[in-house]
Amino acid sequence: MIFASQKSKKFYLPYQTKNINIFHSAVDTKYFKRKISNGKKQFNVCIVANISPDKDIITFLKVAKYTKGLSNKIKFNLYGNVWKSQVKYYNYCKNFIVVNKINNLKIKKFSNKIKNVYNNNDLLISTSKNESMPLVICEAMSMSLPVLSTDTGDIKKFVNYKNTNAGFIIKNNKVKNFGNKIYIISKNRSLYKKLSSNSRNIAKEKFNINNYKLKLINLLNQL
């Protein structure tokens with residue numbers, strides 16, 4: 001039996017231990033490789049997610065609002081689709097932006113050229129309430145982006161892989177903790193470079209699609 005994460009396995013089959021295989025998301029790490037920084041002065045933070053309550057987009061907006069008071073050089077970008085079932089929530093988010101005068105944030109239509117999204121941003125955050133192991137985390141890490149995320153799914157296992165930080169896990173979705181970490185990372189260039197390098201190295205080791213293929217072939221050969 002195959003699961004996309006250890007958390008998924010624990011949720012659906014908490015007591016079964018035999019014939020269990022965990023296949024996390026995988027990416028082409030040669031393709032998802034970041035270009036050299038162009039030396040831009042502002043620090044861009046992105047979230048890539050369908051706009052829905054489960055992704056807790058409101059917390060992302062609150063982080064942008066809070067961080068606005070820390071620095072005017074930190075900008076936020078929201079990339080996501082809006083399904084018909086979520087139009088009401090999307091309108092609620094837009095109204096929240098207007099009412100709170102959040103002018104350091106842009107909502108952008110989800111791009112099929114996802115690699116360009118990562119190239120144009122410096123850090124990825126995930127505010128989700130529930131996840132397994134999001135592909136966007138794997139892609140972003142392969143693109144050398146540090147990651148700030150809630151403690152959902154198996155994200156912590158890789159963001160804090162063997163005590164090598166590729167970012168930070170934010171417990172209980174604390175807005176101030178998100179904002180303060182973003183500010184610290186944006187101001188500390190040596191810290192940013194370290195997190196960025198760790199992110200890329202972890203992705204090459206754990207999310208390489210070639211390793212995924214070999215693991216899958218070995219499993220099929222055992223059947």
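**Reading the model step by step**

Mentor: Start with one residue. D28 lies in the loop between β2 (21–22) and β3. Keep in mind that this is a predicted model.

Trainee: What is the relative accessible area of D28, and how is D28 classed?

Mentor: D28 has a relative accessible area of 38%, so D28 is partly exposed. Now compare sequence with space. D28 and K18 are 10 residues apart along the chain, and their C-alpha atoms are separated by 30 Å.

Trainee: Now the sheet. How do I read one?

Mentor: Begin with the general idea. Strands of a sheet pair through backbone hydrogen bonds, either parallel or antiparallel. Here, 6 strands form an open sheet in the order β5-β4-β3-β6-β7-β10, and the pairing is parallel.

Trainee: Which are the edge strands?

Mentor: They are β5 (105–108) and β10 (167–170), and each of these pairs on one side only. From one strand to the next, the twist averages 20°.

Trainee: How many bridges join β3 to β4?

Mentor: There are 6 bridges between β3 (residues 43–48) and β4 (residues 74–79), and the two strands run parallel. I47 stands opposite L78 in β4. V48 has Y79 of β4 as its bridge partner.

Trainee: Is β4 mostly covered or mostly open?

Mentor: Mostly covered. In β4, 5 of the 6 residues are buried. As a general point, side chains in a regular strand alternate between the two faces of the sheet.

Trainee: Which strands does helix α7 lie across?

Mentor: Helix α7 (residues 175–187) lies across β3, β4, β6, β7 (147–150) and β10. Helix α7 runs at about 170° to β7.

Trainee: How do I describe two helices that pack together?

Mentor: Two packed helices are described by the angle between their axes and the distance between the axes. Take α2 and helix α3 (residues 87–99). They pack at an angle of about 10°, with axes 10 Å apart. That makes α2 roughly parallel to α3, because angles under 35 degrees count as roughly parallel. The crossing of α2 and α3 is right-handed.

Trainee: Which residues meet there?

Mentor: From α2 come I57, I58, L61 and K62. From α3 come Y89, Y92, C93, F96 and I97. By class, this contact of α2 with α3 has 8 nonpolar residues, no polar residues and 1 charged residue.

Trainee: How many residues of helix α5 are buried?

Mentor: Helix α5 (residues 135–142) is mostly covered, with 6 of its 8 residues buried. The buried ones are I137, C138, E139, A140, M141 and S142. They pack against α4 (114–119), β6, β7, α6 (155–159) and α8.

Trainee: What comes just after α5?

Mentor: S144, which takes a positive phi of about 70°. S144 also leads us to α8. S196 lies in helix α8 (residues 189–206). Setting aside neighbours within four places in sequence, S196 is in contact with S144 and P146.

Trainee: Is S196 buried or exposed?

Mentor: Buried. The relative accessibility of S196 is 12%, and buried means under 20%.

Notes:
Residues numbered from 1 in each chain as written. Predicted model: local features only at pLDDT ≥ 70, side-chain atom pairs only at ≥ 80, totals over all residues. Heavy atoms only, no water. Helix = DSSP H or I, 4+ residues; strand = E, 2+ residues; numbered from the N terminus. Buried < 20%, exposed > 50% of the residue type's maximum accessible area, 1.4 Å probe, protein only. Contact = heavy atoms within 4.5 Å. Pairing = 2+ DSSP bridges. Axes fitted to C-alpha atoms, helices over the stretch in contact; angles between N-to-C directions. Parallel < 35°, antiparallel > 145°, perpendicular 65-115°, else oblique. Left-handed = near helix turned anticlockwise from the far one by under 90°. Nonpolar A, V, L, I, M, F, W, Y, C, P; charged D, E, K, R; others polar.
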